[in-house]
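I'll jot things down as I look them up.

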Amino acid sequence: MAGGPAETAAPVLPEGRYGTARAKAPQRWRRWLFLAIALLVSGVIAWVAYVNLGAAPIDAERVAFSGKPGNAMEITINVTRDDDDRAGVCIVRVRDKTGAESGRKELLIPAGAKYSRMTTTIKSIGEPVTADVYGCSYDIPDYLSTP
């Protein structure tokens, strides 16, 4: 059987018509290098997201608020923390009818239970309509800490 597939040669292309021959494929080590860089960058992004978006070590939520005479408002909050041996501070605030902050208070949360309920009164420069928790932290200012 002459002329079968085993005897057929590759076609010869006219010289200069199709440009130069293609370069070799990229070396295998480059693929591994790009994969390692991609994994490293992904790990850094995941770590940054975890640090910034993870659960807060100390957190508070508003339970109740009520208006008081003289442009003041009373707020009750529940505080949850991961380390009950450390004191913390929560910032609570009141807002007027435009939504602007009209009063603010830093509330010292003494060391003790993992869950605690605190009530305080916040003075306002105008008539307050709502109260909320701005945030909590373990970084207590010097003027709030007890000797």
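I started with Arg93, which forms a salt bridge with Asp132, the closest N and O atoms being 3.1 Å apart. My cut-off: a side-chain nitrogen of Lys or Arg within 4 Å of a carboxyl oxygen of Asp or Glu. Arg93 lies in strand S3 (residues 88-95) and Asp132 in strand S6 (residues 130-137), so the pair ties together parts that are 39 residues apart in sequence. Strands are DSSP E runs of at least two residues, helices H or I runs of at least four, both numbered from the N terminus.

Ground rules: this is a predicted model, where local features need pLDDT of at least 70 and side-chain atom pairs count only at pLDDT 80 or more, while totals for chains, interfaces and linings use all residues. Residues are numbered from 1 along each chain as its sequence is written, and side-chain values use heavy atoms, with hydrogens and water left out.

Buried or exposed, I asked of Arg93 and Asp132? Both are buried (under 20% relative accessible area; exposed is over 50%, partly exposed in between; 1.4 Å probe, protein chains only).

Next I checked Glu101 and Arg104, whose side chains meet in a salt bridge at 2.9 Å, N to O. Glu101 is partly exposed at 35% relative accessible area, and Arg104 is partly exposed at 41%.

I then found that Arg93, Arg95, Glu101, Arg104 and Asp132 are linked in a network of salt bridges.

Last, I looked up Glu74 and Lys68, which pair in a salt bridge at 4.0 Å, N to O. Glu74 is partly exposed at 25%, as is Lys68 at 35%. My tally for the structure is five salt bridges.
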